[in-house]
Amino acid sequence: MKDDLMKLLNKLEKERDYHKIITVIEALSDEDKNSKIKLSLAKAYSHIDEFDKTIEILESIKDSESNTSIWNYCMGHSYYYLDNISEAERYLLKALEINPEDKASIFLLALLYNELGDIDDAQEAIHYLNKSLDYFNAYSNLGADEDITEDLISIEQKLAWNYDKLKNHKEAEKHLHKSISLGDNEEWVYSQLAYNLRSQERYEEALENYQRVIELGRRDTWIYSEIAWTYFLIKKPQLALEYMKMAKELSPVEVDLVLITRTASILLALAEHKEAIKMIEEVISKEKYKNDINLLSNLAYIYIDLKDYEAALVYLQRLKELGRNDEWLAQNLILVYSKLEK
């Protein structure tokens, strides 16, 4: 009878009729439910997302089944979907200790470490993402049952992002190119590659990739501001100003401080000092921005460039009162006082 029951359960599992499996097994007496049958019941409950029930059943057969990879995988799988990552990791690693070629556990660990890579600490994120990559590669080498291309692209993108955060732009670039070689043709990857190349002072290559992003359909404040700033860095301020105007037109906010400070630098390069002063004064006239240190620093610098040292001193002293106390302020105070013979 038990052989016939197991054949039926295996048939129903292949047909993915998990509710029928539960109905059949729950109808049995406790004496007829051996550990193998209870394991089938636990798996069926996990397939209908009843993970607490799955764990309860698995715990009831722990003494006889905890030395098997399937029992540990089912425990890890349930804890994973209950967002208990530490417990999920513990059981999945145990499953692999028992059976190093357990593809299901390898795949789930790859997903788990990919998720753990979504943290702010760049070094720690890279550690988890590399572990995820190792498990996905092991899964692939065993003959992947799932298409993992999108997962690999996601990991390469995240690795690039975190290496850029650490200013390791060369390493970040490698991962961006890897993502592209895997088939990534989205706006994000070329946006990040352009930013990466600009950070490496490879400005012409950066501009090529920014234009590629526009061709792919991205037209927003960020992309035009980035192009503008790149033109500024290669000393083409007129082109920079044109793109900055486009960035401002698309800005979703009334005051974008990044656009303001970048535009001030561009206007200064064009010797449009009065226009730069007017723009910044208009912003600091608002209560919210009247003590903004970056804006006030920009004003001080513009007046120094104009050789209007009296006006520059007003803003430098204001910066000091607001708490700015660094080498830039000290040097410019010395310069202004010397020019004013104070």
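Leaving out neighbours within four places in sequence, Ser 46 is in contact (heavy atoms within 4.5 Å) with Phe 51, Thr 54 and His 77. Ser 46 sits in helix α3, residues 35–47; helices here are DSSP runs of H or I, at least four residues, and they are numbered from the N terminus. This is a predicted model, so local features need pLDDT of at least 70 and side-chain atom pairs count only at pLDDT 80 or more, while totals for chains, interfaces and linings use all residues. Residues are numbered from 1 along each chain as its sequence is written, and side-chain values use heavy atoms, with hydrogens and water left out.

- Is Ser 46 buried or exposed? At 9% relative accessibility, Ser 46 counts as buried; the cut-offs are under 20% relative accessible area for buried, over 50% for exposed, and partly exposed in between, with a 1.4 Å probe and protein chains only.
- Ser 46 and Met 75 are 29 residues apart along the chain, and their C-alpha atoms are separated by 9.6 Å.
- Ser 78 belongs to helix α6, which covers residues 69–81.
- Ser 78 is buried too, with a relative accessible area of 0%.
- If you skip residues up to four places away in sequence, Ser 78 touches Phe 51, Thr 54 and Ile 55.

- Helix α8 has 14 residues and, at 1.5 Å a residue, should span 20 Å; its end C-alpha atoms are 20 Å apart, which agrees. The expected span is 1.5 Å times one less than the number of residues.
- Ten of the 14 residues of α8 are buried, so the helix is largely enclosed by the rest of the structure.
- Those buried residues are Ser 105, Ile 106, Phe 107, Leu 108, Leu 109, Ala 110, Leu 111, Leu 112, Tyr 113 and Asn 114.
- What do they pack against? The buried residues of α8 meet α6, α7, α9 (122–141) and α10 (149–165).
- Asn 114 lies in α8, which runs over residues 103–116, and has a relative accessible area of 7%, so it is buried.
- With neighbours within four places in sequence set aside, Asn 114 is in contact with Leu 129, Ser 132, Asp 151, Ser 154, Ile 155 and Lys 158.

**How α7 packs on α8**

- Helix α7 (residues 85–98) packs with α8 at an angle of about 150°, and the two axes are 10 Å apart. Axes are lines fitted to C-alpha atoms, for helices over the stretch in contact, and angles run from 0 to 180 degrees between N-to-C directions.
- On the α7 side, Ile 85, Ala 88, Glu 89, Leu 92, Leu 93, Ala 95 and Leu 96 take part, and they meet Ser 105, Ile 106, Leu 108, Leu 109, Leu 112, Tyr 113 and Leu 116 in α8.
- By class, this contact has twelve nonpolar, one polar and one charged residues. Ala, Val, Leu, Ile, Met, Phe, Trp, Tyr, Cys and Pro count as nonpolar, Asp, Glu, Lys and Arg as charged, and the others, Gly among them, as polar.

**Helix α14**

- The 13 residues of α14 (residues 221–233) should span 18 Å at 1.5 Å a residue, and the end C-alpha atoms are 18 Å apart, which agrees.
- Why is α14 described as largely enclosed by the rest of the structure? Because ten of its 13 residues are buried.
- Among the buried residues of α14 are Thr 221, Tyr 224, Glu 226 and Trp 229.
- Their cover includes α12 (187–199), α13 (203–215), α15 (237–250) and α16 (257–269).
- After α14 comes Lys 235, whose phi is positive, near 60°.

**Salt bridges**

- How many salt bridges turn up in a search of the whole structure? There are 15, each being a side-chain nitrogen of Lys or Arg within 4 Å of a carboxyl oxygen of Asp or Glu.
- Arg 202 pairs with Glu 205, with the closest N and O atoms 3.0 Å apart.
- Arg 202 is partly exposed, with a relative accessible area of 22%, and Glu 205 is partly exposed at 33% relative accessibility.
- Glu 173, Arg 202 and Glu 205 are linked in a network of salt bridges.
- Asp 220 and Arg 218 form a salt bridge at 2.8 Å, N to O; Asp 220 is partly exposed at 25%, whereas Arg 218 is buried at 18%.
- Lys 290 and Glu 287 form a salt bridge at 2.9 Å, N to O; Lys 290 is partly exposed at 31%, whereas Glu 287 is exposed at 60%.

Notes: Helices (H or I, at least four residues) and strands (E, at least two) are DSSP runs, numbered from the N terminus.
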